[in-house]
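Colleague: I have the sequence and the fold open side by side. Can we walk through it together?

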Amino acid sequence: MKDLKLTQSFSMIALNAQNSLYLTTVKKVALRCMAASIILEVLLDNHTDKGWNTVDLQNIAFPDSEGYRQAVLEPIQHKKVNASRAFSLKQCLKAASALSGKRLKKLEKNVADSLRSQDLIEEIPNLLGCDLYFDSAGVPYMEYRSNIPEYAAITENVKAEILENGPVTDETVCMLWLLRESGCFSDFFSLNDLETVAVRMNGLYHQNPLAKALYPIRIRRGAELAVKQFLHWKKRVFKRPFAAGINFVYPVLERSQSVFIDTEAWFSGSDKRLEDVKNRLKLYGHTFTVLQTGAVPIIKIDNLVYKAVPQAIYGRVPIHGVRLMPRLPF
């Protein structure tokens, strides 16, 4: 596991599987939290005995390896607030998360470049490009893919610290807050685990000075998070076979959570269906591992796990194939 800064570690989670070409609503939620992570990174690097409630943004250096800080800190430093005194933590986090779309795009580019220079992130065709309609239309659709071993190391480290009764580092205290504000908790923790996480965060609030200063602060925006939660609701709906087609009712929103791959042969066996799915994934440059074979195979594609459910689309002529549905830890 590489020694990464807080912003780089969180960005590997936040940018993974996000559309790399367009500023979608879900990606905007992630970028606002990435901007906030820079404030927390500065707070961790410059912490003094004065406590965790203020952030001194004076004389912040921007070395080449951390040039992404500039995209967030410069506009905050130039705000009307008197820059001669330290800002409150809440004030800084609110200001960072409220940056314009133009600033957020600049931040995305700078952070992605810093990760790309270390081979920690790359752009690949979006999984949605494997979908029957996108594949036949030739629509370009790219997404980020975080380095798979490093992504697993970061997420497993956070889960191990919070689910086991051991000490919790300041970085993990911040990471939990970022996962909460970005709505990413349900991506990594099951419902049972979420109860443990809630208890642990409550305990940290009472025992850890950083958590006491940070956890009461909210930067989330209701409308944007509502869209993201709606997409999570869609994922739960898609786990039910008779509701899988509902994805096409909402074409404006992201459909990447449900991808239909047509198979070459009708009524083919499970092995042949799986082979067709693997061929389509290879064609679009995805890295995958078949975790379970059988009637409903389970496949880890890039950093996410999907169920491959046999399905048919009925029109003039029925098209048989496989629908990839995310397998979240619900």
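Modeller: Keep in mind that this is a predicted model. What covers the buried residues of α7 includes α1 (6-15), β4, α8 (170-181), α9 (185-188), α10 (191-207) and β8 (304-313).

Colleague: Which residues of α7 are buried?

Modeller: Helix α7 covers residues 148-163. A residue counts as buried under 20% relative accessible area. In α7 that picks out Glu150, Tyr151, Ile154, Thr155, Val158, Glu161 and Ile162.

Colleague: How far apart are the end C-alpha atoms of α7?

Modeller: α7 has 16 residues. At 1.5 Å a residue, they should span 22 Å. The model agrees, with the end C-alpha atoms apart by 22 Å.

Colleague: Which side chain reaches a backbone nitrogen at the start of α7?

Modeller: The backbone nitrogen belongs to Glu150, one of the buried residues of α7. A side-chain oxygen comes to within 3.0 Å of that nitrogen. The side chain is that of Asn147.

Colleague: Now the strand β4. Is β4 largely enclosed or open, and how many of its residues are buried?

Modeller: β4 runs over residues 142-146. The strand is largely enclosed by the rest of the structure, because the buried residues number 4 of the 5.

Colleague: Which residue of β4 is the bridge partner of Glu123?

Modeller: Strand β3 (residues 121-125) pairs with β4 in the antiparallel sense. There are 5 bridges between β3 and β4. For Glu123, the partner in β4 is Tyr144.

Colleague: Asn19 touches that part of the chain too. Where is Asn19, and which backbone nitrogen lies 2.8 Å from its side chain?

Modeller: Asn19 is in the loop between α1 and α2 (25-45). At 2% relative accessibility, Asn19 counts as buried. Its contacts beyond four places in sequence include Tyr141, Met142, Glu143 and Tyr144. A polar atom of its side chain is 2.8 Å from the backbone nitrogen of Leu21.

Colleague: How many disulfides does the model have?

Modeller: A disulfide is a covalent bond between the sulfur atoms of two cysteines. The cut-off for the sulfur pair is 2.5 Å. By this rule the count is 0 disulfides.

Colleague: Which cysteine sulfur is nearest to that of Cys33?

Modeller: Cys33 is buried, with a relative accessible area of 2%. Cys33 is in no disulfide; the nearest cysteine sulfur is 7.5 Å away. That sulfur belongs to Cys184.

Colleague: What is the relative accessible area of Cys184?

Modeller: Cys184 is in no disulfide either, and its nearest cysteine sulfur is that of Cys33, 7.5 Å away. Under 20% counts as buried. Cys184 is buried, at 6%.

Colleague: What separates the C-alpha atoms of Gly101 and Arg32?

Modeller: Gly101 is in helix α5 (residues 101-116). At 30% relative accessibility, Gly101 counts as partly exposed. Gly101 and Arg32 are 69 residues apart along the chain. Their C-alpha atoms are separated by 9.5 Å.

Colleague: Last one, the hairpin of β6 and β7. Which residue in the turn has a positive phi?

Modeller: Strands β6 (residues 288-292) and β7 (residues 298-301) run antiparallel, joined by 4 bridges. Thr289 stands opposite Lys300 in β7. The hairpin has 5 residues between its strands. The turn residue with a positive phi, about 120 degrees, is Gly294.

How values were computed: Residues numbered from 1 in each chain as written. Predicted model: local features only at pLDDT ≥ 70, side-chain atom pairs only at ≥ 80, totals over all residues. Heavy atoms only, no water. Buried < 20%, exposed > 50% of the residue type's maximum accessible area, 1.4 Å probe, protein only. Helix = DSSP H or I, 4+ residues; strand = E, 2+ residues; numbered from the N terminus. Pairing = 2+ DSSP bridges. Expected span 1.5 Å × (residues − 1). Contact = heavy atoms within 4.5 Å. Polar contact = N/O pair within 3.5 Å; in protein donor to acceptor, adjacent residues only side chain to side chain.
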